[in-house]
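These are my notebook entries on the model shown below. I record what I looked up, one topic at a time.

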Amino acid sequence: MKKLLSALGAGFVFGIGLWVSGMANPKKVLGFLDVAGAWDASLMLVMGGAVAVTLVAFRFVLARPKPLFSEKFHLPERKHIDLPLVAGAAIFGMGWGIAGYCPGPAITALTTLSTESMVFVAAMVAGGILHRLVAREPG
Amino acid sequence: MHDFTPISALAGGALIGLASVWFLAADGRIAGVSTILHGIFSSPEDTWRAAFVAGLLLAGIAWQAAGAPAPVREGFPPGWAAAAGLLVGFGTRMGGGCTSGHGVCGLGRMAPRSLAAVLTFMATGALAAYVTRHLLGVAS
């Protein structure tokens, strides 16, 4: 129960951060990605503000023997830069640059009940399932 | 420079960072939204993923209930939204993360894989925005 409430709270604060920062507004995101347009550098500061916090605090968190409500830290095990990583990131970036939504903002934007957010999220889930069907290894 | 909002960008970013720190400290998990979302469908028995996504949705509801601005874009073609969603869903699974998992958390862990991913999706994101908005004239 603690784990669930904690996950709910983390998602909530994360989501509020997306709204405060402007990430939940796809026009603002495209204003950042479209460097040839009227460029809006704000989102650089969203990433900067977030990473400034994680960069410092993760060191202290990961120095602890285990998390508060779990037996161990679940961290990605892969270390090498490989083709699926780069190709996958490239494909993700294309979708992000077309619509201005990455996964977190798209999900919280569903609450505006906009057609585009619903279409986007449904297609995003389908894309993930499609990958599972064609990929040789699970994940 | 257009519509530059440095204070809200930094404050919102810090909240996203704090939520990610809390999630790692409490649940021992990376707050990577694409991995969490797709995990709901691949291993539905782990209810913490659904709880995190419910938190994201509650945030949107609370934000609008408080009367804060949540502008809805008009006229973006649904076909492009669907194509973009497919690319994002497929690409984040193939590359193992998105702006949150590789960006906020991966850069915070100084993971070389995540730095490579971030540089790649920033580059193709800028390219795709340029092509769709300036060459193809997609309204956004």
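**Entry 1: chain B.** I counted six helices and zero strands in chain B; helices (H or I, at least four residues) and strands (E, at least two) are DSSP runs, numbered from the N terminus. Along the sequence, the pattern of chain B reads α-α-α-α-α-α.

I note here that this is a predicted model, in which local features need pLDDT of at least 70, side-chain atom pairs count only at pLDDT 80 or more, and totals for chains, interfaces and linings use all residues. Residues are numbered from 1 along each chain as its sequence is written, while chains are lettered from A and ligands numbered from 1 in the order in which they are written.

Taken along the principal axes, the C-alpha atoms of chain B fill a box of roughly 45 × 40 × 30 Å. Of the 140 residues in chain B, 57% are buried (20 or more other C-beta atoms within 10 Å of the residue's own, C-beta atoms being placed from the backbone). I also looked up the contacts (C-beta atoms, placed from the backbone, within 7 Å). Among those in chain B with a separation of 6 or more, 45% join residues 24 or more positions apart.

**Entry 2: the contact of chains A and B.** I found that 109 residues from chain A and 103 residues from chain B take part. On the side of chain A that touches chain B, the elements giving two or more residues are helix 1 (2-21), helix 2 (26-33), helix 3, helix 4 (83-99), helix 5 (103-109) and helix 6 (115-134) of chain A. Helix 1 of chain A gives the most, with 18 residues. By class, this side of chain A has 67 nonpolar, 31 polar and 11 charged residues (Ala, Val, Leu, Ile, Met, Phe, Trp, Tyr, Cys and Pro count as nonpolar, Asp, Glu, Lys and Arg as charged, and the others, Gly among them, as polar).

**Entry 3: a helix pair across the contact.** I examined helix 3 (residues 42-62) of chain A and helix 1 (residues 6-27) of chain B, whose axes come within 7 Å and cross at roughly 30°. The two helices are therefore roughly parallel to each other (angles under 35 degrees). Their contact has 20 nonpolar, eight polar and no charged residues.

**Entry 4: helix 2 of chain A.** How many of its eight residues are buried? I found seven, and helix 2 of chain A is mostly covered. Among the buried residues are A:Pro26, A:Lys28 and A:Phe32. What covers them includes helix 3 and helix 4 of chain A together with helix 6 (112-135) of chain B.

How values were computed. Axes are lines fitted to C-alpha atoms, for helices over the stretch in contact, and angles run from 0 to 180 degrees between N-to-C directions. Angles under 35 degrees count as roughly parallel, over 145 as roughly antiparallel, 65 to 115 as roughly perpendicular and the rest as oblique. Two residues are in contact if their C-beta atoms, placed from the backbone, lie within 7 Å. A residue is buried if 20 or more other C-beta atoms lie within 10 Å of its own, exposed if 12 or fewer, and partly exposed in between; C-beta atoms are placed from the backbone.
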